[in-house]
Amino acid sequence: QSGHYGRGLVSVQTFHVLMFCLVVISHRANWNLISAITFLFLLTLMYFAQTLNTIAAQNYDQFTNEQYFDSDGLFITLVLLLPCALNCILFIFSWLLQSWTLMVDLKTQQAKRYVASQKKDK
């Protein structure tokens, strides 16, 4: 009985842990395409949350004993959307950090070239 109760919630938690791991791994490995695809997937999931909430409310007995899915969508917002939004924010921070690093490297190279050209002119 308790296994049936938590099966759906454990699946959602596992999904979020895997998504978080993908965010971290894709940042460290610089997998930009995978980051973008995962980001768009999470945004699409968030976009269709109301539809998912309706489907889950109609079929809740297949994955839990309790009807958590209210018409306002509070449960799905807290359990599904909030972690997805946090992962999307992490993706954005990762991309901003990569952009910042790239800009600093570019400006450093430009400064080195400028100094080298000034030394040649003297």
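Analyst: We start with the overall fold and then turn to single residues. Keep in mind that this is a predicted model.

User: How many helices and strands does the protein have?

Analyst: The protein has four helices and zero strands. Along the sequence, the pattern reads α-α-α-α.

User: What radius of gyration does the protein have, and what would a compact globule of 122 residues have?

Analyst: Set the two values side by side. A compact globule of 122 residues would come out near 14 Å, but the protein has 22 Å. Along the principal axes they are about 85 × 25 × 20 Å.

User: How many of the residues are buried, as a percentage?

Analyst: Buried means under 20% relative accessible area. In the protein, 21% of the 122 residues fall in that class.

User: What share of the contacts joins residues 24 or more positions apart?

Analyst: Take the contacts with a separation of 6 or more. Of these, 74% are between residues 24 or more positions apart.

User: Where do the charges sit, and how far apart are the centres of the two sets?

Analyst: Count first, then compare the centres. There are 8 positive and 6 negative side chains in the protein. The centres of the two sets lie 33 Å apart.

User: Now a helix. Which residues of α3 are buried?

Analyst: Begin with the general idea. An α-helix has 3.6 residues a turn, so residues three or four places apart point the same way. Now the case here. Helix α3 covers residues 49–58, and its buried residues are A49, N53 and A56. They lie on the same side of α3 because they cover an arc of only 70° around the axis. On the other side of α3, Q50 and Q58 are exposed.

User: What do the buried residues of α3 pack against?

Analyst: Their partners are α2 (32–47) and α4 (74–121). Zoom in on N53 in helix α3. N53 has a relative accessible area of 6%, so N53 is buried. Leaving out residues up to four places away in sequence, N53 touches F69, D70, G73 and I76.

User: Is S71 buried or exposed?

Analyst: Exposed means over 50% relative accessible area. S71 reaches 75%, so S71 counts as exposed. S71 sits in the loop between α3 and α4. Next, compare sequence with space. S71 and F48 are 23 residues apart along the chain, and their C-alpha atoms are separated by 15 Å.

User: What does S26 touch, not counting residues up to four places away in sequence?

Analyst: S26 touches W31, S35 and F91. S26 and T38 are twelve residues apart in sequence, and their C-alpha atoms are 9.7 Å apart in space. L18 and A29 are eleven residues apart along the chain, and their C-alpha atoms are separated by 16 Å.

User: One last feature. What is the phi of N30?

Analyst: The general idea comes first. Most residues other than glycine have a negative phi. N30 is not a glycine, yet its phi is positive, about 60°. N30 is found in the loop between α1 (2–29) and α2. With a relative accessible area of 47%, N30 is partly exposed.

Methods:
Residues numbered from 1 in each chain as written. Predicted model: local features only at pLDDT ≥ 70, side-chain atom pairs only at ≥ 80, totals over all residues. Heavy atoms only, no water. Helix = DSSP H or I, 4+ residues; strand = E, 2+ residues; numbered from the N terminus. Rg over C-alpha atoms; globule rule 2.2 N^0.38 Å. Buried < 20%, exposed > 50% of the residue type's maximum accessible area, 1.4 Å probe, protein only. Contact = heavy atoms within 4.5 Å. Lys, Arg positive; Asp, Glu negative; His and termini not counted. Charge placed at Lys NZ, Arg CZ, Asp CG, Glu CD. Arc of directions from axis to C-beta.
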